[in-house]
Amino acid sequence: MRIYDPKKKKYPKTSFVSLFLESINEAVKKYTLGDRLIRFVSNVLGIDENSFIDFNLVKIRPRLKKFRGEDVSSTIRELDLLAGDNKRTLVLIFDEAQELIKVNGINFSSVFHDIYDYCKNTTVIFTGSSVGILENMLKDLEYEKPFFGIRRIKIERFNEQLSRDFLLKGFAEEGVTVQEDVIDDALRRFDGIPGWLTFFGSEYSFRIRHGEKQVNVDDIEKMAVEEVRKEVKDFILGTQSPERYSAAILALDRLGGKGSVADVTKVVSSILSEVPEPRIYEILNRLVNMGFIEKENEEYSLPKDEPDRKGLVLAAKDVMSLVT
């Protein structure tokens, strides 16, 4: 996620390698048996070991291009051996992993198959909010040879009772007492989305512990809305047709939050000049793949939770004001 830039269609290999090596550096400092790994990475980069230990970017950055996909695999193998020596499991977590497909110069299918075949002490976790794109990435990785050990875990929206229990248990762990009407308000606003429930609970607890006697839930919702607004706005501005993407979102809003491709096309064409239905179909499905809107049967809909819905619409309005 730290290399994420919605305006970029591709990332240079060095962006990933720099982040990868920085993470490796942070990990090996926690162990006393990492000397072999430090020597290996330093030799590949052609720098002295102290420069890698100190992560001296002046010396490291000019040599990042030398680090190949095969070196990524070899480094992870060394880390796997280090984990085995310490009777630990190495866990590699790729947050917003769909961004990997934008990295030039590294065959990630080869890297992950190498891990699967040779790294017996290693578990790889892919997470991502752009569910459709992440799923396509995993299918591409599996195309050459299947990963028989891969498991998919989709965190569905919590129902009302599970959402209530989740918040109550979290507040109890934080030692925070919350009124029942506050819980009810949060359930209505955040609609069982685990991420937003966690965001709300964390922010509410923080404010109570830091002296706020009465926390305004509106303020917490506004923070969440702004998060979505910025993310969606950056995404739309990075597309080839920002006004059409914005119009599609606004069309769903005008339709009461949901509609078919034909319905959305009519409204979009009333906002802009006439737009072909196949193009609107493509835009709507990309918004679904990005996790911004939902699709059930042949109908598209805005999210029901307040942060995502409001953030989407506000982002679309912002972009329309910029491009029209």
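Okay, let's start with two helices: the axes of H2, residues 35-45, and H5, residues 69-85, come within 10 Å and cross at roughly 170°. Anything over 145 degrees counts as roughly antiparallel, so that's what we call H2 and H5 relative to each other. Keep in mind that this is a predicted model.

Who makes that contact? On the H2 side you've got Arg-36, Leu-37, Phe-40, Val-41 and Val-44. From H5, the residues are Asp-71, Ser-74, Thr-75, Glu-78, Leu-79, Leu-81 and Asp-85. If you sort the residues of this H2 and H5 contact by type, you get 6 nonpolar, 2 polar and 4 charged.

Next, a quick stop at helix H3, residues 49-53, where we find Ser-51. Is Ser-51 buried or exposed? Well, its relative accessibility is 5%, and the cut-off for buried is under 20%, so Ser-51 counts as buried. As for what Ser-51 touches, leaving out residues up to four places away in sequence, that's Asn-56, Lys-59 and Ile-60.

Last item, the sheet. There are 3 strands in an open sheet, the order is S3-S5-S4, and the pairing is antiparallel. The edges are S3, at 258-259, and S4, at 294-296, and each of those pairs on one side only. In general, strands of a sheet pair through backbone hydrogen bonds, either parallel or antiparallel. Looking at one pair here, S4 and S5, the latter being residues 299-301, run antiparallel over 3 bridges. To pick out a bridge on your screen, go to Glu-294 and look for its partner in S5, which is Ser-301.

How values were computed: Residues are numbered from 1 along each chain as its sequence is written. This is a predicted model: local features need pLDDT of at least 70, side-chain atom pairs count only at pLDDT 80 or more; totals for chains, interfaces and linings use all residues. Side-chain values use heavy atoms; hydrogens and water are left out. Helices (H or I, at least four residues) and strands (E, at least two) are DSSP runs, numbered from the N terminus. Buried means under 20% relative accessible area, exposed over 50%, partly exposed in between (1.4 Å probe, protein chains only). Contact means heavy atoms within 4.5 Å. Axes are lines fitted to C-alpha atoms, for helices over the stretch in contact, and angles run from 0 to 180 degrees between N-to-C directions. Angles under 35 degrees count as roughly parallel, over 145 as roughly antiparallel, 65 to 115 as roughly perpendicular and the rest as oblique. Ala, Val, Leu, Ile, Met, Phe, Trp, Tyr, Cys and Pro count as nonpolar, Asp, Glu, Lys and Arg as charged, and the others, Gly among them, as polar. Two strands pair if DSSP finds at least two bridges between them.
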